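Okay, thanks for waiting while I got the viewer going. Have the sequence and the model side by side, and I'll walk you through what I found.

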Amino acid sequence: MNREAEDTFRDLFQAVYDDLLCFVERRSGPAVAEDVVSETFLVAWRRLHDVPDSLDGARAWLFTVAHNLLRNRQRSEQRQQNVALRILRQPEGPAAGDADAVAAHVDLTRAWQRLSPADQEALALTAIEDLTGPQAAHVLGITRTAFSLRLLRARRNLRRHLRHQPAPSPAISRTASHGGPA
């Protein structure tokens with residue numbers, strides 16, 4: 001970014017921040033508002049060339065971005081609540097006498113808890129929410145390829161945790177990928 005772009009952004013921030021914060025607070029509450037306004041200005045910074053030149057146009061653009069971010073956040077929260085309700089509605093686990101099934105359930109729960117939030121999200125969008133890869137990529141705002149890679153890593157990590165294997169060492173992986181000794 002050049003100096004002119006920085007000045008433009010600074011002027012826009014000073015002119016719109018308070019109004020935008022009030023707009024978001026009325027729709028979400030103060031705890032969420034700061035995050036949403038920060039995300040909005042981050043989007044504006046990244047896409048400064050898309051922000052209209054006039055202050056009125058830029059203000060409307062920022063309010064639209066904030067509104068969309070709020071809607072995305074609310075949809076995400078609703079999905080999480082739906083998943084929690086779905087889990088609560090599931091019938092009780094296997095009968096007490098089915099020790100293997102109980103052990104498998106415990107292993108899966110532990111493996112799930114060891115996954116990163118990004119891995120859990122990728123798996124939940126496809127396995128629990130029944131979204132296709134392109135739909136899940138759209139929800140996360142990433143490309144199909146990026147989602148495919150994220151899902152592949154998540155599945156690999158889940159398998160590794162189910163087998164109780166430690167994470168591969170970066171030094172060993174790098175050496176092994178170059179054909180050197182592992």
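So, the N-terminal end of H1 is capped by Asn2, with a side-chain oxygen sitting 3.2 Å from the backbone nitrogen of Glu4. I call a polar contact a pair of N or O atoms within 3.5 Å; within protein, one must be able to donate a hydrogen and the other to accept it, and residues adjacent in sequence count only if both atoms are side-chain atoms.

Before I go on: this is a predicted model, so local features need pLDDT of at least 70 and side-chain atom pairs count only at pLDDT 80 or more, while totals for chains, interfaces and linings use all residues. Numbering runs from 1 along each chain as its sequence is written, and side-chain values use heavy atoms, with hydrogens and water left out.

Overall, the protein chain has eight helices and zero strands. Helices here are DSSP runs of H or I with at least four residues, strands are E runs of at least two, and both are numbered from the N terminus. Of the 182 residues in the chain, 25% are buried, meaning under 20% relative accessible area; exposed is over 50%, and partly exposed is in between, with a 1.4 Å probe and protein chains only.

Back to H1, residues 3–28. There's a kink of about 50 degrees centred on Val16; the bend at a residue is the angle between axes fitted to the seven residues ending there and the seven starting there. Val16 is also one of the buried residues of H1, which include Phe9, Leu12, Leu20 and Phe23. Just after the helix, Gly29 takes a positive phi of about 105 degrees.

Now the rings. How many aromatic pairs does the structure hold? Seven. Rings of Phe, Tyr and Trp (its six-membered ring) pair if their centres lie within 6.5 Å; planes under 30 degrees apart count as stacked, over 60 as edge-to-face, and the rest as tilted. Take Phe9 and Phe41: their ring centres are 6.0 Å apart and their planes are at 90 degrees, so that's edge-to-face. Phe9 is in H1 and Phe41 is in H2, residues 30–46, so the pair ties together parts 32 residues apart in sequence. Both Phe9 and Phe41 are buried. Then there's Phe23 with Phe63, centres 4.7 Å apart and planes at 50 degrees, so that pair is tilted. Phe63 belongs to H3, residues 55–89, and Phe23 to H1, so here the linked parts are 40 residues apart in sequence. These two are both buried as well. Phe9 and Phe41 also turn up in one aromatic cluster, together with Phe13, Tyr17 and Trp45.

Last stop, the second largest pocket, at about 330 Å³. H3 gives the most to its lining, with six residues. Lining residues of that pocket include Glu39, Arg73, Arg79, Glu121 and His138. By class, the lining has three nonpolar, four polar and five charged residues. For the terms: on a 1 Å grid over the protein atoms alone, a pocket is an open set of points where a 1.4 Å probe fits, with protein on both sides within 12 Å along at least five of seven lines, and lining residues have an atom within 4 Å of a point. Points are joined across faces, edges and corners, and the volume is the space filled by probe spheres set on them. For the classes, Ala, Val, Leu, Ile, Met, Phe, Trp, Tyr, Cys and Pro are nonpolar, Asp, Glu, Lys and Arg are charged, and the others, Gly among them, are polar.
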